Amino acid sequence: GSMANKKWSEMSSAQQTAVLTLASIELALTATAAVDLIRRPADQIHGRKGVWALALFVQPVGPIAYLWTHRQ
């Protein structure tokens, strides 16, 4: 079956490495976006902070959209 239906112990070491790598990237993007959202003044946010805070939980689109929208 697909990797989505496999248990961790059923995955090859390459699949486990891929999952850990992608999860690390996703965590780094989310943390970076969250720190920026917290530190950035509300008048510099495109939209409402609360909406962006919720969007950060939509993985991986939310953090990428936030960082793309607020890049400098």
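Colleague: Hi! Which residue's backbone oxygen lies 3.1 Å from a polar atom of the side chain of R40?

Modeller: That oxygen belongs to H70. A polar contact here is a pair of N or O atoms within 3.5 Å, one able to donate a hydrogen and the other to accept it, with residues adjacent in sequence counted only if both atoms are side-chain atoms. This is a predicted model, where local features need pLDDT of at least 70 and side-chain atom pairs pLDDT 80 or more, while totals for chains, interfaces and linings use all residues. Numbering runs from 1 along each chain as its sequence is written, and side-chain values use heavy atoms, without hydrogens or water.

Colleague: What else does R40 touch?

Modeller: Leaving out residues up to four places away in sequence, R40 touches I45, K49, Y66 and Q72, as well as H70. Contact means heavy atoms within 4.5 Å.

Colleague: Is R40 buried or exposed?

Modeller: R40 is buried, at 10% relative accessible area. Buried means under 20%, exposed over 50% and partly exposed in between, with a 1.4 Å probe and protein chains only.

Colleague: And where does R40 lie?

Modeller: In the loop that joins α1 (13–39) to α2 (49–55).

Colleague: Zooming out, how many helices and strands are there?

Modeller: The chain has 3 helices and 0 strands; these are DSSP runs, H or I of at least four residues for helices and E of at least two for strands, numbered from the N terminus.

Colleague: How much of the chain counts as buried?

Modeller: 18% of its 72 residues. As for overall dimensions, the C-alpha atoms fill a box of roughly 50 × 20 × 15 Å along the principal axes.
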